[in-house]
Amino acid sequence: MATYQSAPDLPLYIDGQFVDGFRQFDNISPVDGHLVSRVAEASEAQVAAAVKAAQAALSGPWGQLSVPARAALMHRVADGIEARFEEFVAAEVADTGRPENLARTLDVPRAIANFRTFADLAATSVSECCETPQADGGLLFNYTVRKPLGVVAVISPWNLPLLLLTWKLGPALAMGNTVVCKPSEETPSSATLLAEVMHAVGLPAGVFNLIHGFGPGSAGEFLTRQPEIAAVSFTGESRTGSAIMKAVADGVKEVSFELGGKNAAVVFADADFDAAVAGVARSSFFNTGQVCLCSERVYVERPIFDRFVAALKERAEALKIGYPNEAGVELGPLVSQKHRDKVLSYFALARTEGANLITGGDVPLFGDARDNGSWVRPTIWTGLGDDARCVREEIFGPVCHIAPFDDEEEVLARVNDSQYGLACALWTSQVGRAHRLARRVHTGIVWVNSWYARDLRTPFGGSKLSGMGREGGRHSLDFYSEISNICIKL
Ligand SMILES: NC(=O)c1ccc[n+]([C@@H]2O[C@H](COP(=O)([O-])OP(=O)(O)OC[C@H]3O[C@@H](n4cnc5c(N)ncnc54)[C@H](O)[C@@H]3O)[C@@H](O)[C@H]2O)c1
Ligand SMILES: O=C/C=C/C=C(\O)C(=O)O
């Protein structure tokens with residue numbers, strides 16, 4: 001049984017040593033506001049030291065390791081996470097208040113899979129080659145080799161803390177880079193536990209470094225401004241991506257951005273109704289709506305609109321909200337009071353914009369310690385126009401707006417009318433329509449009769465304000481390595 005009571009102070013991990021920061025900040029539970037831990041904040045000098053240690057490690061034993069040897073080490077990291085599985089569950093629950101079952105079935109298993117998948121992909125990847133006959137009868141033989149980029153800055157968000165940190169760490173390390181990681185200030189616990197696993201596995205000092213702190217004017221910004229970093233892999237808000245892009249522009253650093261979204265779910269009248277209701281309830285309220293892929297916009301074909309709204313209302317009101325270790329709990333709190341204030345500001349905005357409130361729109365009163373937490377109710381609106389801010393701006397909470405539509409061309413235009421382009425879920429029984437629409441939707445990812453079903457070999461990422469680049473499968477191998485072409489005249 002995972003426990004999520006207060007933990008000890010959380011240190012930094014720099015050059016193979018656990019060290020204090022220049023000051024500490026509080027890590028507060030979103031369940032009931034209790035102090036989870038005090039966290040070391042890295043100074044600019046400590047961030048610079050971490051990057052220098054990572055740079056030095058590239059020319060040490062780590063830089064001499066073969067791909068299979070690195071892959072074997074990644075598997076040992078996965079073994080280390082497995083061995084401390086319940087501690088990782090407790091760490092994610094302590095910081096996010098999520099249901100234990102979610103951490104046990106998604107977050108920690110995916111961290112293990114992230115290391116194992118990219119260890120195996122790196123160890124089995126092949127390079128390109130070609131032969132070019134010459135006019136003089138000679139031959140040119142071209143082949144490519146993958147080299148590490150160097151020091152990679154890994155900056156991750158709070159909504160799936162361990163999953164998203166390891167989604168980057170797995171391929172970055174498997175491809176021979178060294179890393180300096182800056183997890184979100186909201187969720188430092190599982191990253192710190194991971195540092196203990198890395199240390200126990202015996203990664204050479206400087207290969208993996210962990211700094212805690214905030215963004216602007218703190219560890220996050222300091223990291224992006226270090227001249228020695230070769231690339232930044234970032235997941236977070238679109239505006240943060242923009243700030244990081246500016247910070248690394250002068251150095252022309254490589255960036256991989258997985259940013260925000262305002263994703264649509266489209267339900268046609270011919271869809272499996274019960275599957276679509278269950279699927280949209282999941283895609284709108286999963287992880288309390290704190291997933292960049294969540295459907296905050298739902299379009300339902302007019303003949304089933306009223307029936308669908310009623311059914312989704314019933315599902316939302318049946319969701320079990322409760323303590324992380326309660327049996328059957330499905331929804332936890334939002335990650336912080338600050339984030340709840342943002343979500344509540346959209347609840348108020350919706351009233352101003354004239355939304356019909358179908359359910360939710362407020363804070364549940366428990367009459368216990370949870371009233372000091374960051375809870376909101378799952379919320380459904382209808383009646384807003386496509387130009388409403390609540391229909392255009394990312395809210396990042398358990399909320400969706402449902403609108404009717406009449407035909408494919410209309411709904412396609414409305415789905416694509418967004419500054420984001422991350423994900424879309426289509427619910428229909430017509431295979432031809434599914435393929436036709438899927439290729440015309442302007443998002444990096446389209447699910448048909450499903451949502452957040454993942455194969456780690458597939459490209460993941462979005463367009464427009466949703467990001468730059470793709471990670472997943474060989475796309476991660478490509479991003480986290482420098483490819484050189486060697487041409488030999490035979
Ligand atoms: N596309 C995806 O795969 C994906 C996944 C998860 C979250 N997100 C997005 O992330 C957001 C929620 O996460 P969040 O609130 O942690 O995002 P955020 O951008 O506020 O913070 C993300 C990380 O960046 C750091 N940071 C903030 N400002 C920085 C700066 N100027 N320089 C360097 N680092 C900085 C933060 O400390 C944190 O570690 C949502 O918009 C969500 O859509 C996207
Ligand atoms: O909140 C965004 C979730 C991103 C998920 C992934 O990057 C993944 O499942 O690999």
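**The largest pocket**

Begin with the lining of the largest pocket in this predicted model: by class, this lining has 18 nonpolar, 18 polar and 13 charged residues. In total, 49 residues line the pocket, and its volume is about 1200 Å³.

To find the middle of the pocket, select Trp 158, Glu 185, Glu 237, Thr 240 and Lys 338, which lie nearest its centre. Next, colour the elements that each supply at least two residues of the lining: β3 (23–28), α8 (219–224), β10 (229–235), α9 (238–249) and α12 (337–353). Which element gives the most to this lining? The answer is α9, with 6 residues.

**The two domains**

Domain 1 comprises residues 9–259 + 466–489, and domain 2 comprises residues 264–448. Domain 1 is therefore written as two stretches of the chain, because its bounds come from an automatic or database domain assignment. The C-alpha centres of domain 1 and domain 2 lie 31 Å apart. The contact between them takes 23 residues from domain 1 and 30 residues from domain 2.

With these colours in place, return briefly to the largest pocket. Its lining draws at least three residues from each of domain 1 and domain 2.

**Glu 258**

Select Glu 258 next. The unreviewed UniProt entry lists Glu 258 for "active site". In the model, Glu 258 is found in strand β11, which covers residues 254–258.

Is Glu 258 buried or exposed? Its relative accessible area is 6%, and buried means under 20%, so Glu 258 is buried. To see its surroundings, show the residues that Glu 258 touches, not counting those up to four places away in sequence: Trp 167, Phe 234, Thr 235, Gly 236, Phe 460, Ser 466 and Glu 471.

**The annotated region**

**The largest cavity**

The largest cavity has a volume of about 110 Å³. It is lined by 13 residues, and the closest to its centre are Leu 163, Leu 164, Cys 292, Tyr 452 and Phe 460.

By class, the lining divides into 9 nonpolar, 1 polar and 3 charged residues.

For the last stop, select Arg 297, Val 415, Tyr 420, Gly 421 and Thr 443. Of the 15 residues that line the second largest cavity, these are the closest to its centre. The space in this cavity is about 70 Å³.

Finally, display β12 (263–267), α14 (408–416), β17 (420–421) and β18 (423–427), each of which supplies at least two residues of the lining. The lining of the second largest cavity has 6 nonpolar, 6 polar and 3 charged residues.

Terms used:
Residues are numbered from 1 along each chain as its sequence is written. Chains are lettered from A and ligands numbered from 1 in the order in which they are written. This is a predicted model: local features need pLDDT of at least 70, side-chain atom pairs count only at pLDDT 80 or more; totals for chains, interfaces and linings use all residues. Side-chain values use heavy atoms; hydrogens and water are left out. On a 1 Å grid over the protein atoms alone, a cavity is a set of points where a 1.4 Å probe fits but cannot get out, and a pocket is an open set with protein on both sides within 12 Å along at least five of seven lines; lining residues have an atom within 4 Å of a point. Grid points are joined across faces, edges and corners, and a volume is the space filled by probe spheres set on the points. Helices (H or I, at least four residues) and strands (E, at least two) are DSSP runs, numbered from the N terminus. Ala, Val, Leu, Ile, Met, Phe, Trp, Tyr, Cys and Pro count as nonpolar, Asp, Glu, Lys and Arg as charged, and the others, Gly among them, as polar. UniProt positions are given in the numbering used here, feature names are shortened, and annotations may be inferred rather than shown by experiment. Buried means under 20% relative accessible area, exposed over 50%, partly exposed in between (1.4 Å probe, protein chains only). Contact means heavy atoms within 4.5 Å.
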